Amino acid sequence: EAFCVRVEICVSRLFPSARLACFGSGASGLALREADIDLVVLGVGPECSTAGGGFNKSDRTELVSILRKIERQLRRERVVARDQGIYTTKGPIVKAHTTGDDATGFALDLTVGATNGLKAVDWIKARVSEFPELRPLVLVLKKLLKTHSLDDASTGGCGGYLLVSLAVAHLKMRGASGGAPRPRRSGEDENDEENVSGGKKVAVLPPPPKVDLGVVVTSFLRR
């Protein structure tokens, strides 16, 4: 949090109307301990709220200009030790590191105008509530991808949003917790709960079966 404040102060010196927001795995609760901090600068330049997250050519040109200025300012104020602008993607981004040493610092991904990332956080949080198996499944898969350097979308790897989407699709197909409601058993009355006050005995339903997370992970990998 203190680091985010430093970045926001740095950016505000260039763009007083700018505001900073956190998105990605850090905001959705699906971050590994060594995960990057994903920040978006809003209130400056064009904004993209579409699901695909792309900007047209003229917007990208403006965004690259803004990001280059921010990149130089972060270095000038020694907020980051190293940085790299990736400007050829549909969503330009600056990848930076606070110290240059993974053992003593952490990485930062900074973009401008990508409001779709904030909407994605809300969608992911809703899916985590819907599927209790989703969080452990995604964390295991993220660690596996990171181990093999396949977790960076900017270099062709599998990004966090794509991974969550695949995991949600997998859980829906295998009928996990968030799937269709359990069919009513013979003898169960749909009005049982409403008639409790009338003295009618309510059948106690058995708890849902425990989910084997190992099976969830291995079935995903086999799919």
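The structure is a predicted model, in which local features need pLDDT of at least 70 and side-chain atom pairs count only at pLDDT 80 or more, while totals for chains, interfaces and linings use all residues. Residues are numbered from 1 along each chain as its sequence is written, and side-chain values use heavy atoms, with hydrogens and water left out.

## Overall composition

The secondary structure of the chain comes to seven helices and five strands, where helices (H or I, at least four residues) and strands (E, at least two) are DSSP runs numbered from the N terminus. Read from the N terminus, these elements follow one another as α-β-α-β-α-β-β-β-α-α-α-α. Of the 223 residues in the chain, 37% are buried; here buried means under 20% relative accessible area, exposed means over 50%, and partly exposed lies in between, with a 1.4 Å probe and protein chains only. Among contacts (heavy atoms within 4.5 Å) between residues at least 6 apart in sequence, 62% join residues at least 24 apart.

The five strands form an open sheet in the order 1-2-5-4-3, with mixed pairing; two strands pair if DSSP finds at least two bridges between them. Strand 1 (19–23) and strand 3 (82–86) stand at the edges with a single partner strand each, so one side of each has no neighbour in the sheet. Neighbouring strands of this sheet are turned by 25° against each other on average, direction ignored. For angles of this kind, axes are lines fitted to C-alpha atoms, for helices over the stretch in contact, and angles run from 0 to 180 degrees between N-to-C directions.

Strand 5 (residues 107–112) pairs with strand 4 (residues 93–97) in the antiparallel sense over four bridges, and with strand 2 in the parallel sense over five bridges. The table lists residues that face a partner in strand 5.

| Residue | Opposite residue in strand 5 |
|---|---|
| Val94 | Leu110 |
| Ala96 | Leu108 |

Ala96, whose place is in strand 4, counts as buried at 7% relative accessibility. Leaving aside residues up to four places away in sequence, Ala96 touches Val80, Arg82, Asp83, Phe106, Ala107 and Leu108. The C-alpha atoms of Ala96 and Leu74 are separated by 9.3 Å, although these residues are 22 residues apart along the chain.

## Helices on the sheet and against each other

Helix 3 (residues 57–76) lies across strand 2 (37–42), strand 3, strand 4 and strand 5, and runs at about 145° to strand 5. Helix 4 (residues 116–130) lies across strand 1 and strand 2, running at about 40° to strand 1.

Two packed helices are described by the angle between their axes and the distance between the axes. Helix 5 (residues 134–147) and helix 7 (residues 213–222) pack at an angle of about 55°, with their axes 10 Å apart. The contact is made by Pro136, Leu137, Val140, Leu141 and Leu144 of helix 5 together with Leu213, Val216, Val217, Phe220 and Leu221 of helix 7. The two helices, helix 5 and helix 7, are therefore oblique to each other; angles under 35 degrees count as roughly parallel, over 145 as roughly antiparallel, 65 to 115 as roughly perpendicular and the rest as oblique.

## Cysteines

A disulfide is a covalent bond between the sulfur atoms of two cysteines, and is counted here when a pair of cysteine sulfur atoms lies within 2.5 Å. The structure holds zero disulfides. Cys4 is in no disulfide, and the nearest cysteine sulfur, that of Cys22, is 5.8 Å away, which is too far for a bond. Cys22 counts as partly exposed, at 38% relative accessibility.

## Two residues with positive phi

Most residues other than glycine have a negative phi. Arg78, in the loop between helix 3 and strand 3, has a positive phi of about 55° although it is not a glycine, and Arg78 is exposed with a relative accessible area of 71%. Ser149, found in the loop between helix 5 and helix 6 (160–173), likewise has a positive phi, near 55°, and Ser149 is exposed with a relative accessible area of 59%.
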